[in-house]
Amino acid sequence: MHPLSTKSITNSPLLGVLKLDQIAFVARNDTEELLIKRMLRLQDADWVEDEVVASGYVKGHGDGQTNKAKLLFNYDLGIEIEILRYMEGTNYVEVGNVESGNVAHLGFHLEKGKNLEAFQGLVFPASLMQQVKTEQHTNEFLLKSGRRYRYTIYDTKPLFGVYLKVIERLGDGA
């Protein structure tokens with residue numbers, strides 16, 4: 001038996017560390033963004049926008065990859081909804097052939113101050129699709145706070161039909 005195996009979930013070392021709190025959809029243009037919003041009945045809702053530049057590893061392309069994405073966020077459904085639109089660079093959506101309108105990933109934010117390295121190998125027994133750190137944001141809050149993120153996307157599509165993403169908060173932002 002694996003040393004972390006237990007019949008009681010309350011003994012899990014990951015209890016309270018990861019919570020599903022984001023569903024991201026892929027769009028490649030304005031029309032697809034609008035179709036996703038309509039599908040979710042959020043076409044008239046308020047969306048938070050951020051354009052982000054991130055660098056790091058992408059499966060099949062190695063380290064040193066840079067990509068730029070337009071991110072739209074909405075919170076009206078009780079969970080963070082993201083519309084993800086890569087604009088430049090190699091990324092897991094293209095490598096994994098995720099079609100427009102489909103779920104790109106399910107996201108899990110680590111609690112503030114938690115670090116993924118402490119849980120490496122325990123979080124998801126899957127290879128990396130992408131791990132990048134954000135370098136630039138256009139969102140006013142992120143600009144003022146200095147907050148950055150590390151996004152780690154795991155290749156869980158063969159297991160779950162979708163990629164899983166762990167989102168770590170970096171920087172001074174609250």
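Two strands are said to pair if DSSP finds at least two bridges between them. Strands (E, at least two residues) and helices (H or I, at least four) are DSSP runs, numbered from the N terminus. The model is predicted: local features need pLDDT of at least 70, side-chain atom pairs count only at pLDDT 80 or more, and totals for chains, interfaces and linings use all residues. Residues are numbered from 1 along each chain as its sequence is written, and side-chain values use heavy atoms, with hydrogens and water left out.

**View A. Pairing of β2 and β3.** Val58 stands opposite Gly62 in β3. Over ten bridges, β2 and β3 pair in the antiparallel sense.

**View B. The barrel.** Eight strands form a closed barrel in the order β1-β4-β3-β2-β6-β7-β8-β5, with mixed pairing. From one strand to the next, the twist averages 30°. Helix α1 (residues 30-39) packs on the sheet and touches β1, β3 and β4 (contact: heavy atoms within 4.5 Å). The direction of α1 makes about 170° with that of β4 (axes are lines fitted to C-alpha atoms, for helices over the stretch in contact; angles run from 0 to 180 degrees between N-to-C directions).

**View C. Lining of the largest pocket.** A pocket is an open set of points on a 1 Å grid over the protein atoms alone, where a 1.4 Å probe fits, with protein on both sides within 12 Å along at least five of seven lines; lining residues have an atom within 4 Å of a point. The largest pocket is lined by 22 residues, and Tyr75, Glu80, His109, Arg147 and Tyr149 lie nearest its centre. β8 gives the most to this lining, with four residues.
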